[in-house]
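Visitor: Could you walk me through this structure, one question at a time?
Guide: Gladly, please have a look at it here.

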Amino acid sequence: MRAHLNHDSIPYEGFVDDCDSTCVVGWCWRTDRPSERVTVVVRRAGVEVARGVADRFRRDLLHAGKGDGSHAFHVELPAELLREHDRQRLSIGVEGTGFELAGSPVTVSRRIRELIVNPLVFQRALHAPPMHFGTLRVDISNTCNLDCVYCPTIALRTKERLALADFEHFLAHNVTGLDNLAIGCGQEPTVSQELCDFLEAAGRAPLPPRELFMLITNGTLLHKHDWKRIAATRLNALFLSLDSTDADVLASVRCGSKLERIQDNVRGLLAAAPAIRLNLNIVVTTASFPGIERVVEWGEALGAVSFTLREMYYPPETARGAELLEPLMLPPEHFAQLEERLTRRFGRERFCYADRLHLRQEYEDWAPRLA
Ligand SMILES: C[S@@+](CC[C@H](N)C(=O)[O-])C[C@H]1O[C@@H](n2cnc3c(N)ncnc32)[C@H](O)[C@@H]1O
Ligand code: SF4
């Protein structure tokens, strides 16, 4: 993480991490007043076009000693910015000062870091101008077969499915470049009987995903799909959500799950499709906390290349009541203790930790766009 102090020795420090045609993201704080939140201003040719407060929590900032870690920003850019020009140069500074963040100025082009689409909003995406996508996340169905107690998207389920022809049209006409593609995001892709058709369509698109081509799933319905057909697509990453290798614990939080079925499915698919790498998403609750090492061991035995630990956050839209969710929330510091515990045993590489404050903020960003 690079830092930058301004020449007038005002103790601001900040960095632009990334920008695309919709937003600028980074972090900024005043090192002599760590509890203050700084306002970041985005300018084009000296004229303000957007602003936002750097008050979001990021675990990496906390670890790097940037105060309480709540100094990240995500400033939305006006939609008309790229209407007339393919590129715009923007400077990013602190309100009321001459301080510019490290990494500024930036050049904004027709590129989106991450787009999340589902059947309800797909028409809007089809009518947008062509873009380069960092990561495109697509829900091909808008429902799920499980009822995980903590799932925020149960309340958002609908019967709509994405039309295969629309997906193909989008990939052929709306994409000028695609780094990563995820099938499945907020719901469950394997409930769609057309899953293999979608995977094949993405593989034969004029610009298929250059890096990760991911299937994000709870694993329970994989046996309903043709593994040989999946193996013949370009799919290279399976992201499986599995919180516990104790069947009772798993069934109590990820309601409707059958551990043996999931494990057989994953072993079977990986054997049929050796090019697919396994990645585990593990939600940490008081129920799963004691047995996390066993989930990691199971993943390691299957050659898993990444483990993402997600501290359960309290979903704002939940089908369940507080009496069920509160006891599942980790006490303060337990997630950090888990990180230490796992790091001692398995090392840092391959492990990623997302705590509940961060996940909740992330959810509040993407959920309204899917309605
Ligand atoms: C909404 S799910 C959708 C994809 C798929 N159905 C699945 O479960 O993998 C995306 C990820 O968010 C995780 N998740 C859901 N609710 C959560 C919560 N309240 N706190 C932390 N992670 C959560 C899930 O376990 C899963 O790994
Ligand atoms: S499997 Fe995924 S989408 Fe389905 S209820 Fe669980 S977390 Fe939500």
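Visitor: In which helix is Glu 364 found, and is Glu 364 buried or exposed?
Guide: This is a predicted model, in which local features need pLDDT of at least 70, side-chain atom pairs count only at pLDDT 80 or more, and totals for chains, interfaces and linings use all residues. Residues are numbered from 1 along each chain as its sequence is written, while chains are lettered from A and ligands numbered from 1 in the order in which they are written. Glu 364 is found in helix α11 (residues 356-366); helices (H or I, at least four residues) and strands (E, at least two) are DSSP runs, numbered from the N terminus. A residue is buried if 20 or more other C-beta atoms, placed from the backbone, lie within 10 Å of its own, exposed if 12 or fewer and partly exposed in between, so Glu 364, with 11 C-beta neighbours inside 10 Å, counts as exposed.

Visitor: How many Å separate the C-alpha atoms of Glu 364 and Pro 315?
Guide: Along the chain, Glu 364 and Pro 315 are 49 residues apart.

Visitor: Which residues other than glycine have a positive phi, Glu 333 being one of them, and what is the value for Arg 350?
Guide: Most residues other than glycine have a negative phi. Glu 333, in the loop between α9 (322-325) and α10 (334-346), has a phi near 75 degrees, and its 8 C-beta neighbours inside 10 Å make it count as exposed. Arg 350 sits in the loop between α10 and β18 (351-354) and, with 16 C-beta neighbours inside 10 Å, counts as partly exposed. Although it is not a glycine, Arg 350 has a positive phi of about 80 degrees.

Visitor: Is the peptide bond from Ser 104 to Pro 105 cis or trans?
Guide: Most peptide bonds are trans. Pro 105 is found in the loop between β7 (88-94) and β8 (106-108). With omega near 0 degrees, the bond from Ser 104 to Pro 105 is cis.

Visitor: What is Trp 227 in contact with, leaving aside its neighbours within four places in sequence?
Guide: Trp 227 belongs to helix α5 (residues 227-231), and its 18 C-beta neighbours inside 10 Å make it count as partly exposed. Two residues are in contact if their C-beta atoms, placed from the backbone, lie within 7 Å. With its neighbours within four places left aside, Trp 227 is in contact with Gly 268, Leu 269, Ala 272 and Ala 273.

Visitor: Which residues come nearest to ligand 1?
Guide: A residue is near a molecule if its C-beta atom, placed from the backbone, lies within 6 Å of it. The elements giving two or more residues to the shell around ligand 1 are β13 (213-217) and β16 (277-284). Of the 19 residues around ligand 1, those that come nearest are Tyr 150, Glu 188, Ser 241, Asn 281 and Arg 310.

Visitor: How many nonpolar, polar and charged residues are in the shell around ligand 2?
Guide: Among the residues surrounding ligand 2 are Cys 144, Asp 147, Thr 153 and Arg 254. Ala, Val, Leu, Ile, Met, Phe, Trp, Tyr, Cys and Pro count as nonpolar, Asp, Glu, Lys and Arg as charged, and the others, Gly among them, as polar. By class, the shell has 5 nonpolar, 4 polar and 3 charged residues.
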